[in-house]
Structures are given as structure tokens and as C-alpha cells.
Amino acid sequence: IAIRLDGVSARNASGCITLDSVSRSKHVVKISSGNKVRPKTTTLTQVMDGLSNGPDLQSDLITLSGLEFIFAHRSVPFADHVSRTRKEHILTSCTGNTIALSVSGFADFAAKITPQGNGSISAILIRYDQTYRLELRTNADLNMNDPACTFSTAASDTFQLAATEKFVEAHFDEVNDQSEF
């Protein structure tokens, strides 16, 4: 598409150029159609490096792998489809790096449930000041069928479940029916 800028105001909103008062019938012109948009494959580390010294992928369609929703954001609706309210979720890598994922309440998949596993996501990278977030276009852009690697309840407390299970097993080996608590 092309956007005619006559009568449109542009402003810098926290490092992102935004257009205001764009009328689809008056300003938007379709140049061609049927073009397949291919996401750029990158890593969360490369995305974060773009804030300081790497290529800035702002407004690009990207694919990230090895991500999953934090525990508190698994198996919940993508957004509030009743009140049409946007919802943000936190995605985490197995190493604890995080990024926010935003979903519109108007999305046709807003009522669907977020996945529990690990995998890849294709989304549009949005930048506000020194913060990135992902904007999900459709739930078909998620492929999270691998087992989750974290069981975090918040972005800052990612830990491995296997270590917790061994701790519990080690401290209950000597408990019997006669033990007092």
C-alpha cells in the first residue's frame, strides 16, 4: 500500500512515527496484492541488541523461537473479547529473557486460550522509547507445541521444575505415617 500524506499529521510517539487522521478511502492506495510477507527470523537477544547497537527491527514482522508464556499467562484468553480490551502477556525464553506480547480485544481469536508449551511466534515488533513488545496478528502465528522449559509465575522468577521436584523428593524420603508436622 501507499499512504497519501496530504491532510495527515505525523508525530514521533516515543521513538515510533505515527500517522493521525488517515482515511482509508482518501489516503490509502493499494499498489499491489497477493504479496506474501515473510518474517525475518531473529533471536530475542538480537531484538534487544537493536535498542543499543544492533539493527532496529521496529515495525518488522519477525519470528522468534524458544519462547513460551510465563506460567501466569498460560491457558488464559488472548484478550477480552467481550469488552474488546487489549491484553498484554509476557513471553519468556528458557534463559529468562522476556518480552511483552500484545493482543487486541477486537482480534477474531481474542477468546481463544494461550498455549502452555514452548516454540516459535511470528509477530510485529513494536518499539516505545527503550522498550519492545510484540503485536500478534493471528493465533496461527504461534507454534508452541514443545514442552515448556520454565514454570515461572512472573517475569523475574523463572526456575526449573526438575530441580524443585528433586528438592521435594530429598526432603520427604524419611517421612512416614507416624511423622508429626
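Author: Two residues are in contact, or touch, when heavy atoms of theirs lie within 4.5 Å. The model is a predicted one, in which local features need pLDDT of at least 70 and side-chain atom pairs count only at pLDDT 80 or more, while totals for chains, interfaces and linings use all residues. Residues are numbered from 1 along each chain as its sequence is written, and side-chain values use heavy atoms, with hydrogens and water left out.

Together with Leu 91 and Leu 134, Ile 121 has the most contacts inside the largest nonpolar core, which has 24 residues. Such a core is a set of buried Ala, Val, Leu, Ile, Met, Phe, Trp, Tyr and Cys residues joined through side-chain atoms within 4.5 Å, where buried means under 20% relative accessible area, exposed means over 50% and partly exposed lies in between, with a 1.4 Å probe and protein chains only. Two or more residues of this core come from each of α2 (44-49), β6, β8, β9, β10 (131-135) and β11 (142-146), and β6 gives the most, with four residues. These elements are DSSP runs numbered from the N terminus, helices being H or I with at least four residues and strands E with at least two.

Strand β9 also holds Ser 122, which is buried, with a relative accessible area of 12%. The side chain of Ser 122 makes a polar contact with that of Thr 63 at 2.6 Å; the term stands for a pair of N or O atoms within 3.5 Å, of which, within protein, one must be able to donate a hydrogen and the other to accept it, and residues adjacent in sequence count only if both atoms are side-chain atoms. Beyond four places in sequence, the residues that Ser 122 touches include Pro 39, Leu 61 and Asp 141.

Rings of Phe, Tyr and Trp (its six-membered ring) pair if their centres lie within 6.5 Å, and planes under 30 degrees apart count as stacked, over 60 as edge-to-face and the rest as tilted. By this rule there are two aromatic pairs. The ring centres of Phe 69 and Phe 78 are 6.4 Å apart with their planes at 70 degrees, so this pair is edge-to-face.
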